[in-house]
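Subject: Structure handover

Hi,

Here is the structure for you to look at.

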Amino acid sequence: MTRSLIGTLIAIIIGLVAGLVLGAILGGLFELILYFIVTVILSWIANVIGSWIFGALAGLYLGGIIGGVLGAFIGLITHLRNWPAAFHTAFFSVLGAVAAWIAFTRYGVTFGGTLGIVDGAYIGAVVGIIAGLVAGALAGGRKMGMIFSAIGSAVGTAIFGTYFFTYLTSSTSVAVGLVLGLLIGILSGYNAVARGRWWS
């Protein structure tokens with residue numbers, strides 16, 4: 001075996017272990033944070049300015065993911081050598097969003113409701129394993145830090161998306177959030193690829 005292959009295998013193993021352990025921890029932690037945000041902060045804001053804020057945040061969530069993918073693609077066109085950064089920027093957010101949709105349909109989260117910490121940890125572990133495996137293969141023993149970043153990004157997107165998918169309805173607030181999310185996502189995705197921050 002060459003040194004690079006050994007390094008890649010080690011990175012994959014680290015990614016799998018970190019995905020399982022860190023993913024479960026972050027999944028439960030993010031779910032706890034989400035519960036606090038929803039029951040305390042967002043509920044108070046909704047009482048003051050109206051419940052449209054939930055739709056706007058749902059649109060912002062989805063728009064940010066779509067915009068991030070578009071921004072990464074645009075960045076790839078102008079910075080072809082930074083393709084790993086483009087892949088990282090797009091893949092792990094999309095992975096989290098897909099996991100969020102599956103969890104949303106599986107658990108049937110209702111308006112205003114959140115999952116429990118145990119469910120969050122389970123989702124985090126599953127998403128974390130996938131993210132850790134892919135990130136470990138990409139890191140190749142060179143950039144171990146990106147493994148943990150990928151796991152955190154994918155798990156966070158999955159947990160918060162499970163809640164916000166509830167509010168993705170046909171409404172003005174969702175549309176406004178979607179447009180704003182697209183703009184932010186495109187700029188953020190392009191900047192990530194242009195700077196190649198995952199591989200710098």
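Start with the aromatic cluster. Ring pairs link F54, Y61, W101, F104, Y163, F164, F165 and Y167. Keep in mind that this is a predicted model.

W101 and F104 pair up, with ring centres 5.6 Å apart and planes at 40 degrees. W101 is partly exposed, at 45% relative accessibility. F104 is at 17%, so F104 counts as buried, the cut-off being under 20%.

How many aromatic pairs are there by this rule? The count is eleven. Take F91 and F92 as another example. Their ring centres are 5.1 Å apart and their planes meet at 85 degrees, so this pair is edge-to-face. The cut-off for that label is over 60 degrees. F91 is partly exposed, with a relative accessible area of 27%. F92 has 0% relative accessibility and is therefore buried.

F91 also belongs to helix α3. F91 and V134 are 43 residues apart along the chain, and their C-alpha atoms are separated by 9.5 Å.

Now the largest pocket. Its volume is about 560 Å³. Lining it are 25 residues, and the closest to the pocket centre are Y61, G64, I65, S93 and T157. Y61 is also one of the residues in the aromatic cluster.

Which helix gives the most to the pocket lining? That is α2, with seven residues. Helices α2 (52–78), α3, α5 (145–164) and α6 each supply at least two lining residues.

A nonpolar surface patch covers about 660 Å². Its residues are I13, L16, V17, L20, V21, I25, I129 and L133. Helix α1 gives the most here, with six residues. Both α1 (3–49) and α4 (117–139) supply at least two residues of the patch.

Is I13 buried or exposed? I13 is exposed, because its relative accessible area is 52% and the cut-off is over 50%. I13 lies in helix α1.

First, A175 and G59. They are 116 residues apart in sequence, and their C-alpha atoms are 6.3 Å apart. A175 is found in helix α6, residues 172–195. At 38% relative accessibility, A175 is partly exposed.

Second, A150 and S171. They are 21 residues apart in sequence, and 32 Å apart in space, C-alpha to C-alpha. A150 is in helix α5. A150 is buried, at 0% relative accessibility.

- α5: A150 is here, and the helix supplies at least two residues of the pocket lining.
- α6: A175 is here, and the helix supplies at least two residues of the pocket lining.

Best wishes

How values were computed: Residues numbered from 1 in each chain as written. Predicted model: local features only at pLDDT ≥ 70, side-chain atom pairs only at ≥ 80, totals over all residues. Heavy atoms only, no water. Phe/Tyr/Trp six-rings, centres within 6.5 Å; stacked < 30°, edge-to-face > 60°. Buried < 20%, exposed > 50% of the residue type's maximum accessible area, 1.4 Å probe, protein only. Helix = DSSP H or I, 4+ residues; strand = E, 2+ residues; numbered from the N terminus. Patch = residues over 30% accessible without salt bridge, like charges linked within 9 Å, V, L, I, M, F, W, Y side chains within 5 Å. Areas by Shrake-Rupley, 256 points an atom, 1.4 Å probe, with all protein chains shown as cover. Salt bridge = Lys/Arg side-chain N within 4 Å of Asp/Glu carboxyl O. 1 Å grid on protein atoms, 1.4 Å probe; cavity = no way out; pocket = protein on both sides within 12 Å on 5 of 7 lines; lining within 4 Å. Points joined across faces, edges and corners; volume = space filled by probe spheres on them.
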